[in-house]
Amino acid sequence: MQRLIIRHERCTTLLPSYAAYTSSPINIGVSQHINHNKVHHIQPSGHYTFYTSSSNTQSSTPKKKVGFIAKMQRMVRTLFGINDDTPRGIQEKKDYLWIVLAATHRRLRIENQHKLLADSGNKQNDVPMVWQQETKERLQELTDEAVSYLDDKTDISEMRLNKLRGEIQQSILQPQIIQLLNVAYDVEEEMGDEDDEEYMFSTEEKEQYKNILLSEYEKVCQLLAECKGSSDNTVAASYTSDPVPFYKIKQEAIETLLNYYDWWPKDMVPQNSNINNDDEEYEDVFGFTPNKDSEIVSAMRYYHVRNLVRSILARHQPNSDHSILPFKSTIPSSGRGVFIDGFAPAGTLLAFIPGKVWPKEHLQSASLQTQMQLAQDPRHQLSMRYDDVLIDSRHSPYTVVKNLWSLGHIVNHPPAPVIYERSQVESDKDEASDTMNRDLHQGPNCMTVLINYTDKMLSEEREHMQEYIPNEYEARPKPWTKNASEPDEIIMQGVGLVSLRDVKDEELFYDYRLSPDEKAKKKGSDGNLYPSWYHVWDQDAIDNRWGTDD
């Protein structure tokens, strides 16, 4: 077994004691996107191989029939955790331990927030979550408390993988999943049915949405003014990225819609007067080409308004302080990206990855035609869970969506880090003010985690939320694949994104951990293992995730 080394110093910037819990810095990412660059085979577990998309392929992998012995072997592995000590198994457990620690710390911070409000005479039960400023000393105390809780009151570090997965689902993810599904449902109920034929707002909707957008526009202009007029950062903000790029994007997005619908009041002047462009290839702040696709402009603007309004309403739901929005990415020539609007502490479930679900056993027996279809993944929207369940998001929408949180499939991989040369004066100023240099916040700010939607989670009183699950089975799992340690019936499998650190008003990124191009790997061509745009953030994690058969 190869030696496992987990290193990623950036993850310790939010909570310095996180590394103490795992005895080494924390790594990032869980389930991965599959790289089908050029000719490519996928062998995440050694049990099956995806085809190649090359026209000169001589033969395809024959179907494998799953017999009685294979079924029994799988059951034994599930029951007794045989995969736990492989590099891949250890990698998965390290990822899960980080999620457990971050989520435990998040819970303690939220409890502390409620205490702060109670001490001030306020209650947080039925109002939006407004995050109060935290001192670094208090953050450190809560970190130590989270570590102590996991060390003294649980046996989580000794759990086998299958039990650890279940514990994360029930104790950590389930409450957050229910919260997001509830917000999605409540916001849709508040907004009412959409007009998917004429794409027109009623008189009442026009007035309501115009007022919401104008109010939000004033707020974002005020935030920009505050950023320009002050160099001081709050403690919470110092652990997040620079919000100015997001504020400018959001400002331009609202201006675009107010211009299109002529909703400007006479006494209000837009800040940007040059957002209209006659170039046919012009791409607006939504990542849309209005001059090239003029026949669908009315439909697109209709949904752009709904999405913005829905995001604003989501931030004002009880115990909620953030939402997510699809805008043109801050990475040049990268299409759309996803931005968090508001604040979420580390360990928060931010988004779902939508799409068709392929259980492992159906991938093993997939036809040649199916394999050839799955090979076409130019946007890297095939996501493999650690249990080899595949999520196919290639045809999932991102503008017309029922669940506002189902945008995980267009979250981008972070670009290579930019090295800034800082003068000694600037360095001294940062050290003297005891603020964190935001240049350090490059790279991933969230990670993937497998999600299981269970019958208990969606009981009768929550049955209405089932239509907001953004996944559906391409083929249902075979009965013999059920995890014997899973107490509840799984009705759907999926993938979510959890914040690695505090995130606020910024673009989301997660490490795709692309599987390397096997043909290039065999030839020893290191430079062609990945697409040219792809930066490797954690080589050891990639090696452990893809390089060893389980």
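Helices (H or I, at least four residues) and strands (E, at least two) are DSSP runs, numbered from the N terminus. By this assignment, Glu-190 is found in helix 5 (residues 161–191). This is a predicted model, in which local features need pLDDT of at least 70 and side-chain atom pairs count only at pLDDT 80 or more, while totals for chains, interfaces and linings use all residues. Residues are numbered from 1 along each chain as its sequence is written, and side-chain values use heavy atoms, with hydrogens and water left out.

**Glu-190**
- Glu-190 has 44% relative accessibility and therefore counts as partly exposed (buried means under 20% relative accessible area, exposed over 50%, partly exposed in between; 1.4 Å probe, protein chains only).
- Leaving aside neighbours within four places in sequence, Glu-190 is in contact with Leu-313 and Gln-317 (contact means heavy atoms within 4.5 Å).
- Glu-190 and Leu-313 lie 123 residues apart in sequence, with their C-alpha atoms 8.7 Å apart in space.

- An open, antiparallel sheet is formed by 3 strands in the order 2-3-11 (two strands pair if DSSP finds at least two bridges between them).
- Strand 2 (322–328) and strand 11 (503–507) are the edge strands, each pairing on one side only.
- Strand 2 is joined to strand 3 (residues 336–344) by 7 bridges, and Phe-327 stands opposite Gly-337 in strand 3.

**Helix 9**
- Helix 9 (residues 297–315) packs on the sheet and touches strand 2 and strand 3.

Terms used: Axes are lines fitted to C-alpha atoms, for helices over the stretch in contact, and angles run from 0 to 180 degrees between N-to-C directions.
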